[in-house]
Amino acid sequence: MSVRPVVFAAVALLTAMVAARADDRALISRWYSALLVADRTELADLLDDDVRIKLDDLGVVQSKQEFIASLVEWKGAVAGAAIRHRIEKSEGGVTTVIACYDFPDNDMLMQETFAVNNNRITASSQAAIAENCEGY
């Protein structure tokens, strides 16, 4: 048995995994850019039709339609804000992000997770980890 086919298969699998991780990173960056300006069209494009968005601190789970509708209020809240984020880990189609929301009057540090499949967010959860971004 030749080792060459096994090595080729391993390299192909590793390449596919790295490409998928890069795609997930790009998708997450698009998410935060669109979220910062409450771009309903872009956010709707990033979300799977059956997505569930869980806002742990509020005890709310939103469908895609509910989330998109809530952006009307979010647009006012995010005016003049900045969002910084960094990916903590990405494995098994789930990416964990630490995000600092710098609002004009306060800031907040969040842990957010995104499940991604076929270049769409299929699930997301968000929970505050600090009332300021000093630990960012």
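Colleague: Which residues of the largest nonpolar core touch the most other members?

Modeller: In this predicted model, those residues are Trp31, Tyr32, Leu35, Leu43, Leu47, Phe67 and Phe114, out of 24 residues in the core. At least two residues each come from H1, helix H2 (40–46), E1, H3, E3, E4 and E5. H1 gives the largest share, six residues.

Colleague: What makes this set a nonpolar core?

Modeller: Its members are buried residues of the nonpolar kinds, joined through side-chain atoms within 4.5 Å, and therefore the set is called a nonpolar core.

Colleague: Happy with that. What does Trp31 touch, leaving out residues up to four places away in sequence?

Modeller: Trp31 is in contact with Leu43, Leu46, Leu47, Phe67, Glu112, Phe114 and Ile121.

Colleague: Now Gln62, please. Why does Gln62 count as buried?

Modeller: Buried means under 20% relative accessible area. Gln62 has 11% relative accessibility, so Gln62 counts as buried. Gln62 sits in strand E2 (residues 60–62). Not counting residues up to four places away in sequence, Gln62 touches Val51, Arg52, Ile53, Leu55, Phe67 and Ser70.

Colleague: And how much of the chain is buried?

Modeller: Buried residues are 32% of the 136 residues.

Colleague: Good to have. How do you know that strands E3 and E4 pair?

Modeller: Pairing asks for at least two bridges between the strands. Nine bridges join E3 (residues 82–91) to E4 (residues 94–102), so the two count as paired. They run antiparallel, and Ala82 stands opposite Asp102 in E4. Their hairpin has two residues between the strands, and Gly92 there takes a positive phi near 60 degrees.

Colleague: Let's turn to the pocket. Which residues lie nearest the centre of the largest pocket?

Modeller: Leu55, Leu58, Trp74, Tyr101 and Gln126 do, among 24 lining residues. Two or more lining residues come from each of helix H1 (4–36), strand E1 (47–55), helix H3 (64–78), strand E5 (107–117) and strand E6 (120–130). H3 provides the largest share, six residues. The space in this pocket is about 530 Å³.

Colleague: How does the lining divide into nonpolar, polar and charged residues?

Modeller: There are 14 nonpolar, five polar and five charged residues in the lining.

Colleague: One last thing, the overall layout. How many helices and strands does the chain have?

Modeller: The chain has three helices and six strands, in the pattern α-α-β-β-α-β-β-β-β along the sequence. Among contacts with a separation of 6 or more, 47% are between residues 24 or more positions apart.

Notes: Residues numbered from 1 in each chain as written. Predicted model: local features only at pLDDT ≥ 70, side-chain atom pairs only at ≥ 80, totals over all residues. Heavy atoms only, no water. 1 Å grid on protein atoms, 1.4 Å probe; cavity = no way out; pocket = protein on both sides within 12 Å on 5 of 7 lines; lining within 4 Å. Points joined across faces, edges and corners; volume = space filled by probe spheres on them. Helix = DSSP H or I, 4+ residues; strand = E, 2+ residues; numbered from the N terminus. Nonpolar A, V, L, I, M, F, W, Y, C, P; charged D, E, K, R; others polar. Buried < 20%, exposed > 50% of the residue type's maximum accessible area, 1.4 Å probe, protein only. Contact = heavy atoms within 4.5 Å.
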